[in-house]
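Please go through the structure below with the text beside it. The paragraphs start at the surface and then turn to charged pairs and to the chain as a whole.

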Amino acid sequence: MTTPACVADRHNFRLTWRLNPCDAVSVLVRLVMASANIPVPDGPTDPDEILVVDDSALDLRVVTRAIENDPSFRVRVARGASEALELLPQGRFAAVVTDHVMAGGTGLDFARTVRSRYPAVPVILMTAGGSEDLAFDAFRSGVGYIPKRRVMRELIGTIRQMLTLVRQSHDPE
């Protein structure tokens with residue numbers, strides 16, 4: 001996250017921090033809030049944990065990398081629906097991203113199970129060989145849908161949209 005770098009010469013001593021852009025914005029926001037006497041929350045907010053379900057090791061790596069490029073998310077993986085169903089009660093997952101074609105059943109059936117047991121957890125179905133019918137069935141089941149060829153470009157945006165929709169629908173206001 002941050003790396004201290006000490007810079008010194010005969011006349012000056014300076015301690016600087018190299019920040020990634022997200023950390024730099026966070027520091028700037030905290031400084032502005034503090035100068036305006038606005039309470040600053042203690043510590044960083046925890047990233048949302050996303051459960052990625054796929055029986056392909058290669059696809060798990062690709063999807064994990066796409067999600068972990070965003071510092072507001074962290075990933076936990078399951079290599080199939082049964083493993084994911086064991087993990088879900090153990091964690092507080094913000095969302096589930098699942099492949100459609102898996103051994104032992106379809107991702108859409110798994111997504112429907114998750115939606116019935118955990119209605120506040122959005123599920124996004126991804127597939128390499130989708131169709132309009134599958135997309136329609138996913139949407140009708142309250143499940144997001146993304147073709148695998150668009151995962152690197154669109155997955156983070158899709159996760160954010162699904163989280164926003166779920167959080168707005170469960171907001172007590």
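**A surface patch and the salt bridges**

Leu58, Val62 and Met152 make up a nonpolar patch on the surface, with about 280 Å² of accessible area together. Patches are built from residues with over 30% relative accessible area and no salt bridge; like charges are joined within 9 Å, and nonpolar side chains (Val, Leu, Ile, Met, Phe, Trp, Tyr) within 5 Å. Accessible areas come from the Shrake-Rupley method with a 1.4 Å probe, and for residues only the protein chains shown count as cover. Met152 belongs to helix 6 and, at 51% relative accessibility, counts as exposed. Here exposed means over 50% relative accessible area, buried under 20%, and partly exposed in between (1.4 Å probe, protein chains only).

The model is predicted: local features need pLDDT of at least 70 and side-chain atom pairs count only at pLDDT 80 or more, while totals for chains, interfaces and linings use all residues. Residues are numbered from 1 along each chain as its sequence is written, and side-chain values use heavy atoms, with hydrogens and water left out.

Side chains of opposite charge can pair when their charged atoms come close. A search of the whole structure finds 9 salt bridges, each being a side-chain nitrogen of Lys or Arg within 4 Å of a carboxyl oxygen of Asp or Glu. One of them joins Asp54 and Lys148, at 3.2 Å from N to O. Asp54 lies in the loop between strand 3 (48–53) and helix 2 (57–68), and Lys148 in the loop between strand 9 (144–147) and helix 6 (151–169), so this pair ties together parts that are 94 residues apart in sequence. Asp54 is buried, at 0% relative accessibility. Asp54 and Lys148 also belong to a network of salt bridges that includes Asp59 and Asp99.

Arg160 pairs with Asp70, with the closest N and O atoms 2.3 Å apart. Because Arg160 is in helix 6 and Asp70 in the loop between helix 2 and strand 4 (73–78), the pair ties together parts that are 90 residues apart in sequence. Arg160 is partly exposed at 38%, whereas Asp70 is buried at 12%. Another salt bridge, between Arg150 and Glu154, has an N to O distance of 3.0 Å. Arg150 is partly exposed, with a relative accessibility of 28%, and Glu154 is partly exposed, with a relative accessible area of 28%.

The chain has 6 helices and 9 strands; helices (H or I, at least four residues) and strands (E, at least two) are DSSP runs numbered from the N terminus. Of its 173 residues, 34% are buried.
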